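Take a look at the chain below. Keep the sequence and the 3D view side by side as you read.

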Amino acid sequence: MHYSLRFEWLGMVFDISTILMILVTSLVVLLLCIGMTRNLTSATPSGAQNVMEWIVDFVTGITKSYITPKKAAGFVSLALTLFLYIFLGNQLGLVFNVNTAHHNGPDHQVSEKVKDMLTASTNEQMKQQKVAKLEEELNSTDPSSHGVVIGWWKSPTATPSVTFALAFIVLLYAHYLGIKKSFTGWLKHTFLNPIHILEEFIIKPLTLPLRLFGNIFAGEVLIAFLLGVGIFGSIPLFLWLGYSVFVGSVQAFIFTTLAMVYLSQQVNEDH
């Protein structure tokens, strides 16, 4: 089990490693886009420009497949941002695996402040359970025990709060566009049919983020397991890393596609 340093603020618990990876992913996307577009030319393009143009064309194709052509151009930048952020975020957990192991010993004791951050919770009963388990792992005398392992680097999309936030932004924006287009039409589409109520407020908000989170989290769990196996896990690990790159790419495509589908349901004239 991997722990994360957390802190509580305004009755909410924030994961430091998740915040770090959100910022890192955003910075990587920004620097990559700047680096690939800084020397644009209409003559023979560089390799970086070719790649960026292919990505833009690919995302534009997704957008135009669901949103009417005259409106699609206004959503390409959103689709491109979603695709790059999710794609790169999915891969970051494959590039590095930064963890630190901690024990209580005669020459080292984990501070009470660190323990408090590792067991931060808004539920006192749950916090006490975490404290008991943490103490057990810190003071374990089992030679095979790694003690308490703190994770520092992971894919941000392997955290449900990130994927749910991305889905919430997309769905909230979709409803905003529907209200802006026609408040009466939005009310009829959203609330008059029980199936639509179920779809808009339960199915979409759950399936969109959980699909992405489940695939990326499961992949990182298996990678951590194979790393722990040692030399016997080398070949399976190599194969799984290649497959995980493919899965991360597909999940970025699926999330972006579904986002455009949900937006199209609110902005296209036939809805």
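This report covers the annotated segments, a surface patch and some aromatic rings.

The model is predicted: local features need pLDDT of at least 70, side-chain atom pairs count only at pLDDT 80 or more, and totals for chains, interfaces and linings use all residues. Residues are numbered from 1 along each chain as its sequence is written, and side-chain values use heavy atoms, with hydrogens and water left out.

**Annotated segments**

Start with the record. An unreviewed UniProt entry gives the annotation "transmembrane region" to residues 12–34, 72–88, 161–179, 212–232 and 238–263. Such annotations may be inferred rather than shown by experiment. Two of these segments can be set against the model. Helices here are DSSP runs of H or I with at least four residues, and strands are runs of E with at least two, numbered from the N terminus. Residues 12–34 are 83% helix and 17% strand, with end C-alpha atoms 35 Å apart. Residues 161–179 are 100% helix and 0% strand, and their end C-alpha atoms are 26 Å apart.

**A nonpolar patch**

The surface patch includes Phe 164, Phe 183, Ile 197 and Leu 210, and its residues have about 970 Å² of accessible area together. The elements giving two or more residues are α7 (160–181), α8 (183–191) and α9 (194–229). The largest share, seven residues, comes from α9. Nonpolar side chains are joined within 5 Å. Areas come from the Shrake-Rupley method with a 1.4 Å probe. Ile 197 lies in helix α9 and is partly exposed at 33%. Buried means under 20% relative accessible area, exposed over 50%, and partly exposed in between.

**Aromatic pairs**

The structure holds 13 aromatic pairs. Rings of Phe, Tyr and Trp (its six-membered ring) pair if their centres lie within 6.5 Å; planes under 30 degrees apart are stacked, over 60 edge-to-face, and the rest tilted. Two pairs are shown here.

| Pair | Centre to centre | Angle of planes | Type |
|---|---|---|---|
| Phe 75 and Tyr 173 | 6.4 Å | 55 degrees | tilted |
| Phe 213 and Phe 217 | 5.3 Å | 25 degrees | stacked |

Phe 75 lies in the loop between α3 (69–72) and α4 (76–95), and Tyr 173 in helix α7, so the pair ties together parts 98 residues apart in sequence. Phe 75 is buried at 8%, while Tyr 173 is partly exposed at 31%.

Phe 213 and Phe 217 both lie in helix α9, four residues apart, about one turn of the helix. Phe 213 is buried at 17%; Phe 217 is partly exposed at 41%.

Ring pairs also link Trp 54, Phe 58, Phe 83, Phe 87 and Phe 253 into a cluster.

Note on methods
Patches are made of residues with over 30% relative accessible area and no salt bridge: like charges are joined within 9 Å, nonpolar side chains (Val, Leu, Ile, Met, Phe, Trp, Tyr) within 5 Å. A salt bridge is a side-chain nitrogen of Lys or Arg within 4 Å of a carboxyl oxygen of Asp or Glu. Buried means under 20% relative accessible area, exposed over 50%, partly exposed in between (1.4 Å probe, protein chains only).
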